[in-house]
Amino acid sequence: TGVQTCALPICFPVTIDPDFTINDIPLSEDELESIRFAVQTLQQFQEVPYFKEFGSAIDKIATRVAVAGTEGNETSAFIGFETAYSSIGNQWLPLLLTAIQEKKTCHFTYASFKSGIAKERNVLPVYLKEYRNRWYLISYDLEKSDWITYALERIEGLAVTDTVHELKAPFNPSSFFAETIGITTEKKAAEQIEFETNEVAAKYIESQPLHFSQEKIGPQHFRLTVQINEELIRALFGFIGEIRILSPAHLQQTWANRIAQQITLNHHGSTF
């Protein structure tokens with residue numbers, strides 16, 4: 001048929017149990033010790049460039065293993081880990097990773113949030129990126145001759161073909177995402193955004209920068225150079241009531257429009 005539907009030598013049906021927890025798997029002390037040893041080995045490589053992006057994941061695993069052998073109450077009674085409430089689409093990760101490594105094209109059905117209409121897609125997958133506990137596929141759409149990002153949770157009927165497709169230039173994720181926050185990259189230039197905040201918000205933003213280009217140019221005054229996309233706007237709105245946009249003017253207008261829409265919804269009972 002020219003397609004493969006599983007990247008593993010032996011395929012099993014993939015099911016997702018929303019009530020699953022690793023606490024349901026009983027581990028012996030010997031098994032826990034083996035896991036601890038593996039985690040300690042990984043921690044030694046956290047500063048190696050190839051592994052740096054996985055540092056937080058390694059730390060999370062190490063913490064989880066450290067408390068796994070604690071006697072007494074269930075660990076959930078006294079420690080809470082961040083949880084992704086939906087892992088729909090994650091079953092495609094092994095198959096897509098194999099397709100990326102082998103440079104093979106894929107086809108699947110995909111429905112966008114805006115239209116809700118499912119369409120057939122024929123793409124060359126090049127990169128997988130996680131953002132806020134969701135996985136996204138960066139791909140070169142062979143029909144549109146353009147870079148398109150797809151959320152794995154909305155992909156259906158994924159199949160990898162036997163067709164190998166070589167790009168004129170290799171995909172470079174560092175440059176592709178260099179001027180963006182989040183997952184959306186558009187064909188437009190990055191802009192300088194300046195804003196000021198109150199004292200508390202300034203401490204949060206300084207301790208966890210919105211983007212690597214972020215500069216502190218005053219006690220509570222920041223600048224960053226990025227594309228203005230929805231992820232940036234939503235990140236800034238996380239500090240609404242504590243932040244003032246200084247430039248550019250069109251971002252100020254977008255900010256004002258969003259606030260006005262919210263006031264209308266709150267005070268006049270408007271519906272979407």
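**Close-up views of a predicted model**

**View 1. Lining of the second largest pocket.** Strand E3 (118-131), strand E4 (134-141), strand E5 (146-151) and helix H7 (230-237) each contribute at least two residues to the lining of the second largest pocket; the structure shown here and in the other views is a predicted model. Of these contributors, E5 gives the most to the lining, with six residues. The space in this second largest pocket comes to about 1100 Å³, and of the 28 residues that line the pocket, those closest to its centre are Thr149, Arg154, Ile183, Thr184 and Glu231. Sorted by residue class, the lining of the second largest pocket consists of 13 charged, 11 nonpolar and four polar residues.

View 2. Lys104 belongs to strand E2, which covers residues 104-111. Its relative accessibility is 16%, and because the limit for a buried residue is under 20%, Lys104 counts as buried. The side chain of Lys104 is joined to the side chain of Glu102 by a polar contact of 3.3 Å.

View 3. The side chain of Gln227 reaches the backbone nitrogen of Glu186 at a distance of 2.9 Å. When residues up to four places away in sequence are not counted, the residues that Gln227 touches are Glu179, Thr180, Thr185, Glu186, Lys188, Ala189, Ala190, Glu191 and Leu232.

**View 4. The salt bridge between Glu166 and Lys103.** The structure holds 12 salt bridges, and one of them is formed by Glu166 and Lys103, whose closest N and O atoms are 3.4 Å apart. Glu166 lies in the loop between strand E6 (155-164) and helix H5 (173-176), whereas Lys103 lies in the loop between helix H4 (93-102) and E2, so the pair ties together parts that are 63 residues apart in sequence. Glu166 counts as exposed, at 53% relative accessibility, while Lys103 is partly exposed, with a relative accessible area of 39%. Side chains of opposite charge can pair when their charged atoms come close.

**View 5. The salt bridge between Lys187 and Asp146.** The side chains of Lys187 and Asp146 meet in a salt bridge with an N to O distance of 3.2 Å. Because Lys187 lies in the loop between H5 and strand E7 (191-197) and Asp146 in strand E5, this pair ties together parts that are 41 residues apart in sequence. Lys187 has a relative accessibility of 75% and therefore counts as exposed. Strand E5, in which Asp146 lies, is also the element that gives the most to the lining of the second largest pocket.

**View 6. A network of salt bridges around Arg223.** Glu194, Glu215 and Arg223 are linked in a network of salt bridges. Within this group, the side chains of Arg223 and Glu215 meet in a salt bridge of 3.6 Å, taken from N to O. Glu215 has a relative accessible area of 37%, which means that this residue is partly exposed.

Conventions:
Residues numbered from 1 in each chain as written. Predicted model: local features only at pLDDT ≥ 70, side-chain atom pairs only at ≥ 80, totals over all residues. Heavy atoms only, no water. 1 Å grid on protein atoms, 1.4 Å probe; cavity = no way out; pocket = protein on both sides within 12 Å on 5 of 7 lines; lining within 4 Å. Points joined across faces, edges and corners; volume = space filled by probe spheres on them. Helix = DSSP H or I, 4+ residues; strand = E, 2+ residues; numbered from the N terminus. Nonpolar A, V, L, I, M, F, W, Y, C, P; charged D, E, K, R; others polar. Buried < 20%, exposed > 50% of the residue type's maximum accessible area, 1.4 Å probe, protein only. Polar contact = N/O pair within 3.5 Å; in protein donor to acceptor, adjacent residues only side chain to side chain. Contact = heavy atoms within 4.5 Å. Salt bridge = Lys/Arg side-chain N within 4 Å of Asp/Glu carboxyl O.
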